[in-house]
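Trainee: I would like to go through this model with you, one question at a time. Could we begin once the sequence and structure are in view?

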Amino acid sequence: MHPSPFYAPEKFGGYDKLEKLYKLDIEIISESVNGIIEVIEKIESMKGKTAPIPIWLPKIKAAACNLLQRTARSRSR
């Protein structure tokens, strides 16, 4: 889902996309991010062991892990 910079729910299924985005549950977000990272890693593994890992992948994994852990901690307080 791409949040539009404009408000026109009648054109997009009768609901406000941004409202749906803002109401996402942290567990759904976490599962989605982890799933996307897994797909990227599987694609990369198909290239073979000699292919270099994209320089941005470890950084993205660490940032996602950090952010999701911080968010989960702040919500549990």
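Trainee: Is E41 buried or exposed, or does E41 fall in between?

Mentor: This is a predicted model, in which local features need pLDDT of at least 70 and side-chain atom pairs count only at pLDDT 80 or more, while totals for chains, interfaces and linings use all residues. Residues are numbered from 1 along each chain as its sequence is written, and side-chain values use heavy atoms, with hydrogens and water left out. Buried means under 20% relative accessible area and exposed over 50%, with partly exposed in between (1.4 Å probe, protein chains only). The relative accessibility of E41 is 30%, so E41 counts as partly exposed.

Trainee: With which residue does E41 form a salt bridge?

Mentor: A salt bridge here is a side-chain nitrogen of Lys or Arg within 4 Å of a carboxyl oxygen of Asp or Glu. For E41, the closest N and O atoms of the pair are 2.5 Å apart, and the partner is K61.

Trainee: How many salt bridges does a search of the whole structure find?

Mentor: Besides the pair of E41 and K61, E44 forms a salt bridge with K47, with the closest N and O atoms 3.1 Å apart. The search of the whole structure gives a total of two.

Trainee: Which residues does E44 touch, leaving out those up to four places away in sequence?

Mentor: E44 lies in helix α2 and is buried, at a relative accessible area of 14%. With contact taken as heavy atoms within 4.5 Å, and with residues up to four places away in sequence not counted, E44 touches P52 and P54.

Trainee: What share of the residues of the protein chain counts as buried?

Mentor: The secondary structure of the chain comes to three helices and zero strands, in the order α-α-α from the N terminus on. Its accessible surface, from the Shrake-Rupley method with a 1.4 Å probe, comes to about 6500 Å², of which 61% belongs to carbon and sulfur atoms. Of the 77 residues, the share that counts as buried is 14%.

Note on methods. Helices (H or I, at least four residues) and strands (E, at least two) are DSSP runs, numbered from the N terminus.
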